[in-house]
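Visitor: Could we go through the pocket, the ligand and the cavity in turn?

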Amino acid sequence: MLQVAPSLLSADFAHMDKEIEWLNRSEADWLHFDVMDGSFVPNISFGFPVMASIKKEVEKPFDVHLMVVHPEQWCETLSKLGARMMTVHQEACPNLHRTVQQIHEAGMMAGVAVNPGTSISVLEEVIDDIDLALVMTVNPGFGGQKFISSMLDKVRRLRQMIDARHAHAWIECDGGVNLETGRVLKDTGVDILVAGNTVFRADDPVKMVHELKNL
Ligand code: DX5
Ligand code: ZN
């Protein structure tokens, strides 16, 4: 069954109690937590104090997606905050293999993300070592963007790479996921769907998570 990771970026921050209440009640597998630094991406989101605060109430593991330069410097901080998964962008990591090691040494699962313009060939040398390969299906920085359908072929090739190597990495897709694109992604071999607007703006987010999980 698919895993679903609602993306906090689309939450109504004026009513966090309400958002956390339905999230805990839902079948969501993760809370996807997008950190943006205004440098790697043209936007700034939220960071560690927010995570420390909501971590006390959220009963789902945190899937932290770092859209920041020098992400390796945050391994200890995120580990201490209790993150289960730390995902860095390949484009931000000149020493990617070392960064993956550092994430594991800090006791977290390691994810590597690639932007739409980045080939999955950059994952070949780390695919056996990572727990998650994140294919961005929009250019990172904002919620509510349109799914880039040419990414489906990239996901298909990544599935082949992982299966051929008998690697254990999950494939996660992030950006423009709804019931329609989620269905196609599932058929293409995705393991985890990140969904921001589709879930947080739904009339019934709990039902939407259920529907995405059961595509
Ligand atoms: C975009 C973020 C996504 C974003 C997805 O850079 O990484 O996680 O919240 O939002 P939707 O699902 O609305 O496209
Ligand atoms: Zn994300």
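Visitor: By class, what residues make up the lining of the largest pocket?
Guide: In this predicted model, the lining of the largest pocket has 10 nonpolar, 13 polar and 2 charged residues. Ala, Val, Leu, Ile, Met, Phe, Trp, Tyr, Cys and Pro count as nonpolar, Asp, Glu, Lys and Arg as charged, and the others, Gly among them, as polar. On a 1 Å grid over the protein atoms alone, a pocket is an open set of points with protein on both sides within 12 Å along at least five of seven lines, a cavity is a set where a 1.4 Å probe fits but cannot get out, and lining residues have an atom within 4 Å of a point.

Visitor: Which lining residues lie nearest the centre of the largest pocket?
Guide: Of 25 lining residues, Phe142, Gly143, Gly144, Gly175 and Gly176 lie nearest its centre. Strand 2, strand 3, strand 8 and helix 7 (197–200) each supply at least two residues of this lining.

Visitor: How much space lies in the largest pocket?
Guide: About 280 Å³, a volume being the space filled by probe spheres set on the grid points, which are joined across faces, edges and corners.

Visitor: And where does ligand 1 sit?
Guide: Ligand 1 sits in the largest pocket, in the sense that more than half of its atoms lie within 2 Å of the pocket's grid points.

Visitor: Which polar contacts does ligand 1 make?
Guide: Counting pairs of N or O atoms within 3.5 Å, one oxygen contact of ligand 1 is with the backbone of glycine 196, at 2.8 Å. Another is with a polar backbone atom of asparagine 197, at 3.0 Å. The side chain of histidine 65 has an N or O atom 3.3 Å from an oxygen atom of ligand 1.

Visitor: Which strand gives the largest share of the shell around ligand 1?
Guide: Strand 2 does, with 3 residues. By class, the shell has 8 nonpolar, 10 polar and 2 charged residues.

Visitor: Changing topic, what lines the largest cavity?
Guide: Its lining consists of Leu8, Met16, Glu19, Ile20, Leu23, Leu31, Val58 and Phe200. Helix 1 (residues 16–25) gives the most, with 4 residues. The volume of this cavity is about 40 Å³.

Visitor: Which conventions apply?
Guide: Residues are numbered from 1 along each chain as its sequence is written, while chains are lettered from A and ligands numbered from 1 in the order written. Local features need pLDDT of at least 70, side-chain atom pairs count only at pLDDT 80 or more, totals for chains, interfaces and linings use all residues, and side-chain values use heavy atoms, with hydrogens and water left out.

How values were computed:
Polar contact = N/O pair within 3.5 Å; in protein donor to acceptor, adjacent residues only side chain to side chain.
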